[in-house]
Amino acid sequence: MTVLDWLDERVDLRGVRHFVAEKGVPLHAQKAWYYLGGMTLFLFVVQIFTGILLLLYYRPSAAEAYESVQFIVSEVEFGWLIRNLHSWSANLLIGLAFAHFFSVFFLKSYRKPRELTWVSGVLLLFLMLGFGFSGYLLPWNELAFFATKVGTGIAGAVPLVGPFALRLLRGGDDVTGATLSRFYGLHVAVLPAITTALVAVHLLLVQRQGMSVPIGVERRLRPGERLPQMPFFPNYILRDVLAWYVVIAVLAALAAFYPWELGTKADSFAPVPAGIRPEWYFLATFHTLKLIPSHVLGIEGEHLGVVGFGMVAIVLVLIPFLDRRASRGESSRLFTLLAALGLLYLVSFTIIGHFAK
Amino acid sequence: MPFNVWTRMSARRRLAGLCLLVAMPVGASRAIAQPPQPAANGCIACHAAQTDPRLSAPAALFTQPDVHRDNGFGCVDCHGGSASATEARVAHAATQGFKGKPTGQAQVATCARCHSDAALMRRYAPRQRVDQATEYAASVHGQRLANGDHNVATCASCHHAHGIRRVSDAKSPVFPTNVANTCAACHADTKRMAGYTLSGGAALPTRQHADYRQSVHYTALTKRNDLSAPTCNDCHGNHGAAPPGVGAVTNVCGTCHAVFAQKFAASVHQPIFDKGCVECHGNHAVAAPSDQMLTAGAGGACTACHTAGDASDKGAAAADTLRTGIARLKTEIDDAGSLIRRIRNAGIEVSNEQLALREAGTKLTLARTEMHRFEVAPVEAILADGMKVVESVDRAGAKGVAELRFRRRGLAASLGAILIFVVALGLKIRQLDRRDPGHGATPAG
């Protein structure tokens with residue numbers, strides 16, 4: 001008697017067995033993009049495991065945070081590896097999440113009936129950025145300290161609620177140990193709880209609705225024709241596992257050859273070091289805000305920028321409801337163009353922001 | 001006749017002058033209750049209209065930032081006369097206490113009237129000293145002036161007479177970065193300095209400013225903006241300006257380089273070196289010190305008295321021993337620093353080693369300081385301590401290199417294992433695909 005048989009006797013697994021046996025993944029030229037979601041999920045799991053291990057030694061206070069990370073990377077057995085894996089997988093995760101987002105955007109996989117999958121996915125992308133922003137401060141080093149000052153300052157520019165948001169984020173008027181406590185709470189409790197729930201919803205929807213087929217492929221099918229399917233188990237899941245192993249190999253190489261620097265401990269009385277800039281995934285936003293004039297038509301430039309980005313975020317969430325042509329299964333060049341412009345903007349402004357002084 | 005300008009003024013200027021006169025009593029009554037305000041006066045109105053720059057420049061300068069004007073003082077406080085008179089003849093009348101342009105001793109006395117009055121100065125600049133005039137009287141400038149030499153510097157030569165700024169104002173001629181230029185205005189002027197001699201009878205040199213501009217002190221002050229770096233007045237004094245005598249040089253240098261002075265005072269050279277520190281380091285053109293100075297060979301500071309290669313010259317041998325020891329510690333620190341930087345860049349935590357290297361650097365500085373006693377044994381003891389610290393860093397560095405090797409070997413092994421697994425998985429997937437290339441397709445047509 002196998003474990004599955006033993007379980008089947010107690011918990012009726014017929015439904016699950018049937019689902020696994022019948023589930024297929026449509027075969028077409030763009031099917032490679034499907035793996036990005038699985039790789040992102042895998043990195044999220046890596047984040048959880050390495051994060052839990054770091055929690056064993058990390059101490060969230062302005063007096064001890066830096067020293068505790070220093071202890072992790074120098075004294076704890078394989079602590080350097082865990083910290084490097086956590087830092088690198090966080091960055092790869094956000095990179096892959098963006099890639100997944102754009103692949104879904106270009107393939108119009110958000111169209112009916114997958115609107116809620118898209119909404120949950122975009123919210124997850126925002127949550128990943130929140131993880132990045134809150135986690136960046138936790139080592140309490142100089143760069144992170146001043147970048148957080150700038151970042152929370154931008155949040156303070158939100159009209160009406162800005163000053164409240166700034167104080168809420170910082171736990172006072174300035175970035176202090178209170179900010180670190182808040183960011184720690186956000187990073188290890190609030191965000192993981194919301195993200196886990198949303199990931200569950202996202203996965204449930206993906207499994208329930210199956211993989212989307214690109215509009216072009218779908219339109220080429222004759223009435224009644226169905227695309228050939230690859231069995232999800234084991235053919236597709238093994239490909240997923242293969243992709244995960246490739247990610248592990250990349251992560252291990254990055255951790256060993258490009259270790260994440262700890263920098264110098266944050267000192268609120270120290271002068272602002274040159275070249276303060278946020279993490280790469282905020283560079284495009286940061287550089288755009290820098291380029292906006294101080295006043296545009298009598299409105300404060302920073303307010304305008306922050307409101308603009310807020311509007312863009314809302315529009316992104318609502319894309320499936322705005323793209324009516326795609327929802328009818330028709331080609332939607334306007335939204336393809338929007339996706340292309342968005343990608344071009346993000347890549348070019350990230351590069352410009354990186355080299356800007 | 002420059003003084004009866006009022007009569008020659010245009011109607012518009014007269015009106016402006018009268019307006020000022022009307023406004024004056026109001027200002028005066030306010031001055032009792034409020035902090036002093038710049039005094040409105042007829043002197044400015046009248047002098048500003050003069051075509052002779054000697055007469056108009058003071059009015060123009062006094063309308064710019066001026067510490068006296070900002071504190072409510074007016075022209076008459078130094079020059080006497082009447083600011084309310086409408087005619088130059090009345091304004092400049094001797095009965096009004098008009099003194100004209102004070103020069104020489106009169107100028108010093110004019111400034112000292114307030115600046116030597118502790119009670120008065122307490123109202124405007126409570127922390128300012130009030131002994132400048134006394135110091136000046138004791139200075140070379142003051143003594144020469146008392147002997148009738150009107151070519152020497154008085155208060156206004158350095159501080160200016162009008163448009164005077166606080167010493168802390170970067171535009172002030174006596175702000176640290178400007179002092180050398182201010183002194184050089186006279187001391188680098190060969191014509192002006194002609195006839196002046198040093199105490200030994202030699203002509204007073206005029207190269208001091210050019211030499212100073214080559215010095216490590218000038219670089220620190222003007223290039224690194226280190227306002228604590230010395231300029232002319234830090235060694236020669238300002239109000240009590242005098243060249244430090246032969247016996248006082250070490251004391252002057254020692255005000256900043258206290259430990260060096262202390263070590264030198266205990267050295268065998270102290271009774272021999274007439275010019276103290278200057279013997280090796282020079283005075284105005286003090287160059288950045290280097291370990292290479294410590295030799296009786298070429299380029300060394302010991303050459304004048306010691307002979308390189310002379311076995312009987314104990315001083316030359318000691319200099320070589322000191323220089324070699326110091327150079328060795330420096331090289332060891334540099335090498336250890338390179339190693340630590342390399343493994344830090346590779347991700348090994350080295351903050352303890354960086355701290356230790358800083359300690360070794362302190363030992364090197366201590367050795368270089370102790371060297372001024374010119375005794376080998378104490379320096380060698382410090383160098384030995386420094387070497388011990390460097391050795392501990394080297395050991396940690398070697399451990400770091402081993403750790404790096406371990407990490408990379410571990411990575412290579414795990415990457416190999418991953419590769420084997422990926423290949424196996426790929427083969428398995430291929431096998432599965434062959435068995436079931438895709439199902440559920442509904443053929444078209």
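Predicted model: local features only at pLDDT ≥ 70, side-chain atom pairs only at ≥ 80, totals over all residues.

Residues are numbered from 1 along each chain as its sequence is written, and chains are lettered from A and ligands numbered from 1 in the order in which they are written.

**Exercise 1. Describe the make-up of chain B.**

Step one: chain B has 23 helices and 0 strands. Helices (H or I, at least four residues) and strands (E, at least two) are DSSP runs, numbered from the N terminus.

Step two: of the 445 residues in chain B, 24% are buried. Buried stands for 20 or more other C-beta atoms within 10 Å of a residue's own, exposed for 12 or fewer, and partly exposed for anything in between, with C-beta atoms placed from the backbone.

**Exercise 2. Find out how chain B touches chain A.**

Step one: chain B gives 26 residues to the contact and chain A gives 30 residues. Two residues are in contact if their C-beta atoms, placed from the backbone, lie within 7 Å.

Step two: on the side of chain B, helix α23 (residues 376–435) supplies the largest share, 14 residues.

Step three: sort that side of chain B by class, and you get 11 nonpolar, 9 polar and 6 charged residues. Here Ala, Val, Leu, Ile, Met, Phe, Trp, Tyr, Cys and Pro count as nonpolar, Asp, Glu, Lys and Arg as charged, and the others, Gly among them, as polar.

**Exercise 3. Work out how α6(A) and α7(A) are arranged.**

Step one: the axes of helix α6 (residues 115–137) and helix α7 (residues 142–155) of chain A come within 8 Å and cross at roughly 135 degrees. Axes are lines fitted to C-alpha atoms, for helices over the stretch in contact, and angles run from 0 to 180 degrees between N-to-C directions.

Step two: α6(A) and α7(A) are therefore oblique to each other. Angles under 35 degrees count as roughly parallel, over 145 as roughly antiparallel, 65 to 115 as roughly perpendicular and the rest as oblique.

Step three: A:F133, A:Y136 and A:L137 of α6(A) meet A:A144, A:A147, A:T148 and A:G151 of α7(A).
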